[in-house]
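Please keep the sequence and the 3D view at hand while reading.

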Amino acid sequence: MSPTPTRWELAGEGNRGYGEHFAERVARGDDVDGEARLADALVPRGARILDVGSGMGRVAAALAARGHDVVATEPDPELRAQSQATYAGLEVLPHEALALDPEQVGGFDLVVVVGNVFIYLGEGTERAVLARLRDLLAPGGRVLAGFHLSAVKTGSRTYPPDEFVADVAAAGLRVVHRFGSYELHEPNDEYAVWVLARD
């Protein structure tokens, strides 16, 4: 565990089954590429993209299939194993966001942080994580984030929009867009999709 354990870690067995659920959907041929389609639209061809909290790999794999240079990172060993089983060619680093060193991994045109990663971060680490994401951006780079605004998942937190916006600003970022879905519906009280840039 990290010095400040994430809410995902603390939930333990309460969040098992997430990877298997999406692996089953992939095997059925379900459309699980909504986040990846939006991410793909935000960057030029062959962009360098970081997927933080890549889970079982579906977004990173979809972006790699679209020709992008993708770095995936997922600290949960069971999700990394599920990712390898589902997408054998996808390499996944075992790092948490705060363990990513910009000097080692370089800068990215887009940092993708979807799938409720933000509501599973360690308590009190949100601003530090946002600042680290800022430092991982190449010039002109952006962050694509998406999460439920209420604690609807086991072990997750409620993260109101005004609190997130304040954390974004404190970390040296700004909100460029807010939507209610990855299909760019208007903002709502259930789910938020954010595009962030350096302030």
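This is a predicted model: local features need pLDDT of at least 70, side-chain atom pairs count only at pLDDT 80 or more; totals for chains, interfaces and linings use all residues.

**How α7 and α8 meet**

- Two packed helices are described by the angle between their axes and by the distance between those axes.
- For helix α7, which covers residues 126-135, and helix α8, which covers residues 161-170, the angle is about 50° and the axes lie 8 Å apart.
- The crossing that α7 and α8 make is right-handed.
- On the α7 side the residues that take part are Glu126, Arg127 and Leu130, and they meet Phe164, Ala166, Asp167, Val168 and Ala170 in α8.

**The strands around β2**

- Strand β2, made of residues 69-73, is mostly covered, since 4 of its 5 residues are buried.
- Strand β1, which spans residues 48-52, pairs with β2 in the parallel sense over 5 bridges, and within this pairing Val52 stands opposite Thr73 of β2.
- Together with helix α4 (residues 58-65), the strands β1 and β2 make a right-handed β-α-β unit.
- Strand β3, residues 92-93, runs parallel to β2 and is joined to it by 2 bridges, with Leu93 in β3 as the bridge partner of Thr73.
- Between β2 and β3 the chain passes through helix α5 (residues 77-86), and this β-α-β crossover is right-handed.

- Helix α3 consists of residues 34-41, and because 6 of its 8 residues are buried, α3 is largely enclosed by the rest of the structure.
- The buried residues of α3 are Gly34, Glu35, Ala36, Leu38, Ala39 and Asp40.
- Among the elements that cover these buried residues of α3 are helix α4 and the strands β4 (108-113), β5 (137-148) and β7 (191-198).

- Thr6 is found in the segment that comes before α1 (7-11).
- Is Thr6 buried or exposed? Thr6 has a relative accessible area of 13% and is therefore buried, because buried means under 20% relative accessible area.
- When its neighbours within four places in sequence are left aside, Thr6 is in contact with Glu96, Tyr120, Leu121 and Gly122.

Key:
Residues are numbered from 1 along each chain as its sequence is written. Side-chain values use heavy atoms; hydrogens and water are left out. Buried means under 20% relative accessible area, exposed over 50%, partly exposed in between (1.4 Å probe, protein chains only). Two strands pair if DSSP finds at least two bridges between them. A crossover is right-handed if, with the strands pointing away from the viewer, the path from the first strand over the helix to the second runs clockwise. Axes are lines fitted to C-alpha atoms, for helices over the stretch in contact, and angles run from 0 to 180 degrees between N-to-C directions. A crossing is left-handed if the near helix is turned anticlockwise from the far one by less than a right angle, and right-handed if clockwise. Contact means heavy atoms within 4.5 Å.
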